[in-house]
Amino acid sequence: MKIKIISIEFELIESSPGMWNRGAMGRSHYGDCKILLDENLPENVKMQTLMHEIVHMIYQMNDLPHMDEATISGLSNPLFDFLRQNPELVKRIAGI
Ligand SMILES: [Zn+2]
(Lines give C-alpha, C1' and ligand atoms only; values in the text may rest on other atoms or scores of the structure.)
Protein backbone atom coordinates (compact mmCIF):
# COMPACT_ATOMS: atom_id res chain seq x y z
CA MET A 1 0.00 0.00 0.00
CA LYS A 2 1.20 3.52 -0.80
CA ILE A 3 0.59 6.47 1.51
CA LYS A 4 1.63 10.10 1.17
CA ILE A 5 3.27 12.16 3.90
CA ILE A 6 3.83 15.80 2.95
CA SER A 7 3.33 14.80 -0.69
CA ILE A 8 6.06 12.14 -0.54
CA GLU A 9 4.91 8.62 -1.34
CA PHE A 10 5.81 5.93 1.18
CA GLU A 11 5.39 2.20 0.87
CA LEU A 12 3.46 0.80 3.82
CA ILE A 13 4.60 -2.75 4.45
CA GLU A 14 2.92 -5.06 6.93
CA SER A 15 5.17 -7.99 7.59
CA SER A 16 6.20 -10.51 10.15
CA PRO A 17 8.86 -8.93 12.34
CA GLY A 18 12.26 -10.18 11.38
CA MET A 19 15.51 -8.34 11.68
CA TRP A 20 13.78 -4.95 11.54
CA ASN A 21 11.77 -5.45 14.72
CA ARG A 22 14.20 -5.24 17.65
CA GLY A 23 11.30 -4.94 20.09
CA ALA A 24 9.49 -2.25 18.13
CA MET A 25 6.05 -2.54 16.57
CA GLY A 26 7.03 -0.48 13.54
CA ARG A 27 9.90 1.16 11.74
CA SER A 28 10.15 4.03 9.30
CA HIS A 29 12.87 4.90 6.84
CA TYR A 30 12.81 8.30 5.18
CA GLY A 31 15.71 7.46 2.88
CA ASP A 32 13.93 4.62 1.12
CA CYS A 33 10.39 5.87 1.82
CA LYS A 34 9.18 2.80 3.67
CA ILE A 35 7.15 2.25 6.80
CA LEU A 36 7.12 -1.23 8.28
CA LEU A 37 4.41 -2.49 10.62
CA ASP A 38 4.28 -5.75 12.53
CA GLU A 39 1.51 -7.65 10.76
CA ASN A 40 0.71 -9.57 13.95
CA LEU A 41 -0.56 -6.52 15.83
CA PRO A 42 -4.30 -6.02 16.40
CA GLU A 43 -5.67 -3.56 13.83
CA ASN A 44 -6.15 -0.67 16.27
CA VAL A 45 -2.62 -1.07 17.65
CA LYS A 46 -1.27 -1.34 14.11
CA MET A 47 -2.93 1.96 13.15
CA GLN A 48 -1.70 3.62 16.35
CA THR A 49 1.81 2.42 15.47
CA LEU A 50 1.39 3.81 11.96
CA MET A 51 0.52 7.23 13.40
CA HIS A 52 3.65 7.02 15.57
CA GLU A 53 5.80 6.32 12.51
CA ILE A 54 4.12 9.13 10.55
CA VAL A 55 5.02 11.60 13.31
CA HIS A 56 8.62 10.32 13.14
CA MET A 57 8.62 11.02 9.41
CA ILE A 58 7.11 14.50 9.83
CA TYR A 59 9.94 15.37 12.21
CA GLN A 60 12.63 14.01 9.90
CA MET A 61 11.18 15.52 6.74
CA ASN A 62 11.10 18.98 8.33
CA ASP A 63 14.54 18.77 9.98
CA LEU A 64 12.93 19.28 13.37
CA PRO A 65 15.06 18.63 16.44
CA HIS A 66 15.35 15.00 17.50
CA MET A 67 12.49 13.89 19.71
CA ASP A 68 12.67 10.95 22.05
CA GLU A 69 10.19 8.10 21.78
CA ALA A 70 8.05 9.39 24.65
CA THR A 71 7.64 12.77 22.96
CA ILE A 72 6.76 11.16 19.62
CA SER A 73 4.17 8.97 21.38
CA GLY A 74 2.91 11.98 23.33
CA LEU A 75 2.01 13.59 20.01
CA SER A 76 0.99 10.57 17.97
CA ASN A 77 -1.29 8.88 20.52
CA PRO A 78 -3.57 11.90 21.09
CA LEU A 79 -3.63 12.56 17.33
CA PHE A 80 -4.59 8.93 16.69
CA ASP A 81 -7.33 9.19 19.31
CA PHE A 82 -8.58 12.46 17.81
CA LEU A 83 -8.85 10.87 14.35
CA ARG A 84 -10.66 7.83 15.76
CA GLN A 85 -13.06 9.92 17.84
CA ASN A 86 -14.01 12.35 15.05
CA PRO A 87 -14.50 10.41 11.81
CA GLU A 88 -16.96 12.91 10.33
CA LEU A 89 -14.53 15.77 10.91
CA VAL A 90 -11.72 13.69 9.41
CA LYS A 91 -13.83 13.25 6.25
CA ARG A 92 -14.43 16.99 6.14
CA ILE A 93 -10.73 17.76 6.59
CA ALA A 94 -9.90 15.24 3.85
CA GLY A 95 -12.49 16.79 1.56
CA ILE A 96 -14.44 13.56 1.10
ZN1 LIG B 1 9.36 5.56 17.51
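Trainee: Which residues make up the largest nonpolar core?
Mentor: This is a predicted model: local features need pLDDT of at least 70, side-chain atom pairs count only at pLDDT 80 or more, and totals for chains, interfaces and linings use all residues. Residues are numbered from 1 along each chain as its sequence is written. A nonpolar core is a set of buried Ala, Val, Leu, Ile, Met, Phe, Trp, Tyr and Cys residues joined through C-beta atoms within 7 Å; buried means 20 or more other C-beta atoms within 10 Å of a residue's own, exposed 12 or fewer, partly exposed in between, with C-beta atoms placed from the backbone. The nine residues of the largest core are Phe 10, Ile 35, Leu 36, Leu 37, Leu 50, Met 51, Ile 54, Val 55 and Phe 80.

Trainee: Which element gives the most to this core?
Mentor: Helices (H or I, at least four residues) and strands (E, at least two) are DSSP runs, numbered from the N terminus. Strand E4 (34-38) and helix H1 (43-61) each give two or more residues to the core. The top giver, with four residues, is H1.

Trainee: Which residues does Phe 80 touch?
Mentor: Phe 80 is one of the core residues. Contact means C-beta atoms, placed from the backbone, within 7 Å. Leaving out residues up to four places away in sequence, Phe 80 touches Met 47, Gln 48 and Met 51.

Trainee: Which are the edge strands of the sheet?
Mentor: Two strands pair if DSSP finds at least two bridges between them. The open sheet has four strands in the order E1-E2-E4-E3, with mixed pairing. Each edge strand pairs on one side only, and these are E1 (2-5) and E3 (26-29).

Trainee: In E2, what is the bridge partner of Lys 2?
Mentor: Strands of a sheet pair through backbone hydrogen bonds, either parallel or antiparallel. E1 and E2 (residues 8-15) take the antiparallel sense, over four bridges. Within E2, the partner of Lys 2 is Glu 11.

Trainee: At about what angle does H1 run to E3?
Mentor: Axes are lines fitted to C-alpha atoms, for helices over the stretch in contact; angles run from 0 to 180 degrees between N-to-C directions. H1 lies across E1, E2, E3 and E4. Its angle to E3 is about 25°.

Trainee: How many residues of helix H3 are buried?
Mentor: H3 spans residues 87-94. It lies largely in the open, because of its eight residues the number buried is zero.

How values were computed: Contact = placed C-beta atoms within 7 Å.
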